[in-house]
Amino acid sequence: MALNKAELACVYSALILVDDDVAVTDEKISTILKAANVEIEPYWPGLFAKALEGINVKDLITNIGSGVGSGGAAPAAAAGGAAAPAAAEKKEEKKEEEPEESDDDLGFGLFG
């Protein structure tokens with residue numbers, strides 16, 4: 001997925017605002033873009049500000065690698081709270097599925 005100039009400009013502007021602990025608003029994004037001499041359609045800053053409304057962008061960035069396929073237990077343990085029980089439930093579900101998937105029980109084993 002390729003981002004166009006307006007999307008990238010708004011993303012970078014939002015990251016600058018978040019890094020400076022400033023609220024991400026369409027006015028603030030527009031101010032940064034104007035200072036950088038970046039011309040975009042006027043609806044983009046409002047679109048990004050609305051999309052990021054109520055989102056903790058710093059947490060989103062720091063937790064980006066804590067997805068299911070990236071290690072599982074360590075990020076869940078670091079997050080604490082509700083993340084640990086969720087990880088335990090996933091492990092239990094996997095244990096229940098393993099016997100059903102085994103072909104050896106049905107006589108279809110490759111070496112037996």
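At 22% relative accessibility, Leu52 counts as partly exposed, a label for residues between the buried class (under 20% relative accessible area) and the exposed class (over 50%), computed with a 1.4 Å probe on protein chains only. The model is a predicted one, in which local features need pLDDT of at least 70 and side-chain atom pairs count only at pLDDT 80 or more, while totals for chains, interfaces and linings use all residues. Residues are numbered from 1 along each chain as its sequence is written, and side-chain values use heavy atoms, with hydrogens and water left out.

Leu52 is a handy place to begin reading the fold. This residue sits in the loop between α3 and α4 (57-62). Along the sequence, Leu52 and Val24 are 28 residues apart, yet their C-alpha atoms are 7.4 Å apart in space. When residues up to four places away in sequence are not counted, Leu52 touches Ala14, Val24 and Val57, where contact means heavy atoms within 4.5 Å.

Stepping back to the whole protein chain, six helices and zero strands are found. Here helices are DSSP runs of H or I with at least four residues, strands are runs of E with at least two, and both are numbered from the N terminus. Read from that end, the elements run α-α-α-α-α-α. Of the 112 residues in the protein chain, 14% are buried.

Ser13 belongs to helix α1 and, with a relative accessibility of 2%, counts as buried. Leaving aside neighbours within four places in sequence, Ser13 is in contact with Ile29, Ile32 and Leu33. As for the two helices themselves, α1 and α2 pack at an angle of about 110° with their axes 9 Å apart; these axes are lines fitted to C-alpha atoms, for helices over the stretch in contact, and the angles run from 0 to 180 degrees between N-to-C directions. That makes α1 roughly perpendicular to α2, the term for angles of 65 to 115 degrees, whereas angles under 35 count as roughly parallel, over 145 as roughly antiparallel and the rest as oblique. On the α1 side the contact is made by Ala9, Cys10, Ser13, Ile16 and Leu17, and on the α2 side by Lys28, Ile29, Ile32 and Leu33. By residue class, this contact divides into seven nonpolar, one polar and one charged. In this scheme Ala, Val, Leu, Ile, Met, Phe, Trp, Tyr, Cys and Pro count as nonpolar, Asp, Glu, Lys and Arg as charged, and the others, Gly among them, as polar.

Helix α2 also meets α3. The axes of α2 (residues 26-35) and α3 (residues 43-51) come within 8 Å and cross at roughly 130°, and the two helices are therefore oblique to each other. The residues that make the contact are Asp26, Ile29, Ser30 and Leu33 of α2 together with Pro45, Gly46, Phe48 and Ala49 of α3. They divide into five nonpolar, two polar and one charged.

Aromatic rings are the next feature to look at. A pair of such rings is described by the distance of the centres and the angle of the planes. Rings of Phe, Tyr and Trp (its six-membered ring) pair if their centres lie within 6.5 Å; planes under 30 degrees apart count as stacked, over 60 as edge-to-face and the rest as tilted. By this rule the count comes to two aromatic pairs. One of them joins Trp44 and Phe48 in a tilted arrangement, 6.1 Å centre to centre with 40° between the planes. Both residues lie in helix α3, four residues apart, or about one turn of the helix. Trp44 is buried at a relative accessible area of 12%, and Phe48 is buried at 16%. Tyr43, Trp44 and Phe48 form one aromatic cluster.

Asp21, in the loop between α1 (5-19) and α2, has a positive phi of about 55° although it is not a glycine. Asn37, in the loop between α2 and α3, is likewise not a glycine and has a positive phi near 60°. Asp21 is exposed at 64% relative accessibility, and Asn37 is exposed with a relative accessible area of 70%.
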